[in-house]
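Dear colleague,

Please find below the structure that I am handing over to you, followed by an account of what was found in it.

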Amino acid sequence: MRRLTAIVTLTLTILFLSSQIFATGLDLTGVGARAQALGGNYRAVSDDWSAMHWNPAGMAFTQGFTAGFSSELIKVNVGYTPAQIAGMQFSTINTSETNNEPKTFFVPSGGLYYSDGKKAFGLGIWAPFGLGAKWDVMNTMDYNSNYPEFDYDDDLMVINIQPTFAYKLNDKLSLGLGVGFVMADIMIQKPNFTPNPYIFNETLNATVTGNAILYNGLNNAGAFNPAYNHLITDTNLNGSGFGYSINAGLMFKPSETLSIGASVQYYSTITLDGTVDATAYFADNEAVHTIVDYWIAPQIAQDPSLSATEKLVISNFYSGGSIAKANENDVTAEMPLPLKLGLGISWTGIPNLLLCADVALTQWSVWDRIEIKDEDGNLFSELVEEWENTIRFGLGGEYNFGMLVARGAWYTEPNAAVDETMTLSIPDFNKRNVLMGGIGLPLGPVTLHASYEKIMVGDKEVSDWNYDAASSGYHNLAGSFNMNIDIIMFGLDYNF
């Protein structure tokens with residue numbers, strides 16, 4: 001009865017904690033405190049509850065009830081200094097370095113399973129992907145004081161609840177399979193920048209500069225101030241959806257001291273249903289608007305070569321007003337999640353010492369173009385990412401001193417994001433080299449874990465703004481990026 005009560009209590013605790021998952025950076029590997037302290041080089045080890053994530057086949061080589069949970073505390077600091085455009089400041093973006101709003105993210109995970117030494121059954125829950133970033137990188141008071149304070153804000157939460165089964169075919173080989181239920185929730189708020197036609201439209205600019213009186217009047221009133229070089233639209237997308245995952249693994253032990261593990265993690269494409277809001281805020285300069293209203297607007301109204309939208313923007317660019325492009329419009333989007341393939345090896349040929357290594361491929365190329373469609377199936381907008389696949393390689397080690405277990409690890413992985421779509425929403429801008437160290441404290445059937453992880457990311461310089469004429473906006477933010485990430489992790493394992 002006491003054992004059953006402990007299992008139920010632990011399960012309910014894990015479910016409660018997982019409802020509060022938030023994360024930063026997109027690909028999360030903090031499932032299991034011991035696994036994390038070994039750098040995620042765990043596919044050939046996988047002998048605790050986190051095996052359900054890393055390699056479910058490892059469950060069959062254990063015996064009895066195994067349960068546990070872990071939690072990461074992630075502190076991320078990102079700095080961004082914008083690049084100029086056409087020799088001047090880019091719109092209202094600050095000229096000096098701006099940092100993200102400070103926040104510590106809490107990412108829990110947990111699970112439990114039973115193995116009789118041949119068959120194993122379990123249930124795990126974790127967040128395989130997630131992100132979060134909040135920025136006030138724009139100074140819009142001189143542009144339009146009604147623009148929202150925070151210009152970039154986003155949260156992506158993906159939770160995987162996975163029943164898992166493992167079976168040992170013989171003394172050396174086992175197979176494992178988990179089929180998970182995936183829940184996703186996404187919120188993205190960001191500005192869209194449309195070039196000021198008075199500056200960047202060659203025809204209109206030639207008309208203005210060709211009339212000395214008109215040009216001098218606009219210039220003296222501040223029409224060509226860098227703060228006004230783009231029309232800014234605040235967009236906000238909210239959506240949620242469901243999918244499934246398949247996690248298959250193999251564990252091969254050719255000898256007592258050598259283990260080889262392999263796993264593949266597949267996630268279905270998730271259909272997100274949600275809403276989108278978009279409000280265009282015009283620059284607030286009454287003096288310029290008066291000149292436009294008198295000299296330009298009447299001519300624009302009669303120009304058959306301009307669309308209704310172009311006429312609206314040109315006539316009202318300096319009006320200080322706003323216009324709703326979308327107001328809780330129903331939208332759908334297909335969000336793919338990447339396939340992961342991993343292979344690991346571990347060795348225990350020296351007493352009390354464990355050495356392990358992993359190599360893993362993540363199929364980030366599925367993050368190409370995510371189309372956002374209205375309720376009639378028409379293209380409303382799209383998120384352009386065009387990411388690249390990554391290969392991660394790492395080494396880990398553990399030494400058991402009896403009363404204390406010491407761990408250390410390293411891994412390296414290139415960034416998946418490319419310069420042409422680099423933004424502040426998902427700060428993945430350069431190769432990562434990661435060092436970590438941790439300890440385990442055995443206390444009878446309970447083991448306590450703690451670790452510290454330092455993620456070192458090289459600075460990045462993106463020189464060119466990637467403008468897309470079709471969408472009248474930019475797919476990236478050019479400038480200098482730097483990042484500093486610290487992670488503390490705690491965990492508890494319980495062997496019944």
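The buried residues of helix α8 are covered by elements that include α4 (197–200), α5 (202–209), β7 (230–252) and α7 (286–301), where contact means heavy atoms within 4.5 Å. Within α8 itself (residues 308–316), V313, I314 and S315 are buried; buried means under 20% relative accessible area, exposed over 50%, and partly exposed in between (1.4 Å probe, protein chains only). Helices (H or I, at least four residues) and strands (E, at least two) are DSSP runs, numbered from the N terminus.

The model is predicted: local features need pLDDT of at least 70, side-chain atom pairs count only at pLDDT 80 or more, and totals for chains, interfaces and linings use all residues. Residues are numbered from 1 along each chain as its sequence is written, and side-chain values use heavy atoms, with hydrogens and water left out.

Salt bridges

A search of the whole structure finds 11 salt bridges, each being a side-chain nitrogen of Lys or Arg within 4 Å of a carboxyl oxygen of Asp or Glu. One of them joins the side chains of E382 and R369 (2.9 Å, N to O). E382 belongs to strand β14 (residues 379–384) and R369 to strand β13 (residues 369–374), so this pair ties together parts that are 13 residues apart in sequence. R369 is partly exposed at 40% relative accessibility, and E382 is partly exposed at 26%.

E386 also forms a salt bridge with R369, with the closest N and O atoms 3.3 Å apart. This pair links distant parts of the chain, since E386 sits in the loop between β14 and β15, 17 residues from R369.

Between R407 and E398, the closest N and O atoms of the salt bridge are 2.6 Å apart. R407 is buried, with a relative accessible area of 9%, and E398 is buried at 12%. Salt bridges with shared partners join R34, D47, E398 and R407 into one network.

Surface patches

Patches consist of residues with over 30% relative accessible area and no salt bridge, like charges being joined within 9 Å and nonpolar side chains (Val, Leu, Ile, Met, Phe, Trp, Tyr) within 5 Å. A nonpolar surface patch of about 750 Å² is made by Y399, F401, M403, L404, I439, L441, L443 and L448. Strand β17 (residues 432–443) supplies its largest share, three residues. F401 lies in the loop between β15 (390–400) and β16 (405–413) and is exposed at 58% relative accessibility.

Yours sincerely

Terms used. Areas by Shrake-Rupley, 256 points an atom, 1.4 Å probe, with all protein chains shown as cover.
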